[in-house]
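Please walk me through this structure, with the cut-offs behind each term spelled out.

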Amino acid sequence: MVEKTLSINLCRLMETIQMSGQIGSLDKGGLCRLALTDEDKQMRDLFVKWLKEADLAVRFDDFGNIYGRKEGTNPTAAAILIGSHLDTQPEGGRYDGILGVLSSLEVLRTLNEQPIDLERPVEIVCFTNEEGARFEPPIMGAGGLAGVFEKSFIFNCTDKDNKTFGEELERIGYKGSQKNRIDGIFSFIELHIEQGPVLECENVDIGIVTGIQGMNWLEAKVIGQADHAGPTPMSMRKDALAAASKMITEIQQIVTEQDTEATATVGRLSLIPNSINCVPGEVTFSIDIRHSDDRIRKHLHSEVLQRISTIAVIENVQIEVKEIWETDSSHFSEELIECITEQARLLGYSTKKMISGAGHDAKYINKLANTAMIFVPSAGGKSHCQEEFTEETAIEKGANLLLRIVQKLAGGDK
Ligand code: GLV
Ligand code: MN
Ligand code: MN
């Protein structure tokens, strides 16, 4: 007989999150745990230890995605997959991705304590390099699994020091075999922090994610002429940074004129020679464009390209643009959205349907199987920064909802 009001152990989950928060910790409470670094390895090793302690069968695939599997009573049934990622931004928080992986572990720890026979297997997954902060593009492990990226493309991606994904995966000891990729997913559910302010502002417990915005990542290189800061008259310069700053202002203008949903972000910029008394000769900056309507996003993308080229002509500099990544918007399973809505209702949680402005592993797993996501509120809407925080009560609700959904989907709620 299954206990319908089964609850996760919040103290144990918070202790687990706190232990994760010590690996790659920064001075203001955040984390730097870039994919395939020593810190990532340390976290992976601890995670694998936890999986084994929970009696889960552990394996990792050729992209370094880690799985922990609990068998069901039906040996031929497809698995319920739950999880997210453990890598972070360079100045990331303690919850982005981590909450989804460690809550999934807590769900299985809780189920293990009960005399429950689930029909379907349940697998926890930690995907490799969701953030894309070290190796671009993001959502790489999930994208490799879903066939979005060629394996050779992933393995040859380099970081800023020219180290390849393949070398680094091998170095940290997590290059597994292709036969270990999960095959036959019944459903994938990813619990995540919202990373925006809506749930908190509207005092809602749970975001039920209906899909994820489409995105473009670009890199623009502006080539001017490096010169001496004193003797070169203003009228005779080809200042790459002066031109780039006009381009960046124009990019902001284009998206704000579009609508309130469109976003464009220049999050990275480097300049050569980067010296106080040199006219900048070369500037490279990234552009991230997002919208849930792919036609609008594509229009913004072409507007951006056209307007920065025009500025380059006016400013007498050259411009080269590299397309790093493009992904269309994703739409999650109606069936799972209904299932989450119903289970949240039974638990008495308030809910709101929403589109995710952030990318997630679920974006690509959605191509393989029925997929959906659960959001819990982010304090002040802050994420991708050290201040990222989610209240324990919110974490408890998210993890309890995940537990119920797993029971429902795996056939343990009879
Ligand atoms: C990943 O977190 C992204 O949305 O860029
Ligand atoms: Mn994330
Ligand atoms: Mn992130």
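A donor here is an N, O or S atom within 2.8 Å of the metal (3.2 Å for Na, K and Ca), and because water is not among the atoms, sites may look incomplete. By that criterion, the manganese ion (ligand 3) is coordinated by Asp96 (OD), Glu131 (OE), Glu131 (OE) and His384 (NE2), at 2.1 to 2.4 Å. Along the chain these donors follow the spacing D-x34-E-x252-H. Helices (H or I, at least four residues) and strands (E, at least two) are DSSP runs, numbered from the N terminus.

The model is predicted; local features need pLDDT of at least 70 and side-chain atom pairs count only at pLDDT 80 or more, while totals for chains, interfaces and linings use all residues. Residues are numbered from 1 along each chain as its sequence is written, chains are lettered from A and ligands numbered from 1 in the order in which they are written, and side-chain values use heavy atoms, with hydrogens and water left out.

The other manganese ion (ligand 2) has His85 (NE2), Asp96 (OD) and His192 (NE2) as its protein donors, lying 2.0 to 2.3 Å from it. Their spacing along the chain is H-x10-D-x95-H. Aspartate 96 bridges the manganese ion (ligand 2) and the manganese ion (ligand 3), which lie 3.6 Å apart.

Histidine 384, at 40% relative accessibility, counts as partly exposed.

Next comes ligand 1. Glu130, Glu131, Arg290, Ala358, Gly359 and His384 surround ligand 1, a residue being near a molecule or strand if one of its heavy atoms lies within 4 Å of it. By class, this shell has one nonpolar, two polar and three charged residues; Ala, Val, Leu, Ile, Met, Phe, Trp, Tyr, Cys and Pro count as nonpolar, Asp, Glu, Lys and Arg as charged, and the others, Gly among them, as polar. An oxygen atom of ligand 1 is 2.8 Å from an N or O atom in the side chain of arginine 290. For histidine 384, the corresponding distance between a side-chain N or O atom and an oxygen atom of ligand 1 is 3.2 Å. A polar side-chain atom of glutamate 131 lies 3.3 Å from an oxygen atom of ligand 1.

Strand E16 (residues 370-376) has six of its seven residues buried, so it is largely enclosed by the rest of the structure. E5 and E16 pair in the parallel sense over seven bridges, where pairing requires that DSSP finds at least two bridges between two strands. Within this pair, methionine 373 in E16 is the bridge partner of glutamate 190. Strand E6 (residues 206-212) runs antiparallel to E16 and is joined to E16 by three bridges. Valine 209 stands opposite methionine 373 in E16.

Technical notes. Buried means under 20% relative accessible area, exposed over 50%, partly exposed in between (1.4 Å probe, protein chains only). A polar contact is a pair of N or O atoms within 3.5 Å; within protein, one must be able to donate a hydrogen and the other to accept it, and residues adjacent in sequence count only if both atoms are side-chain atoms.
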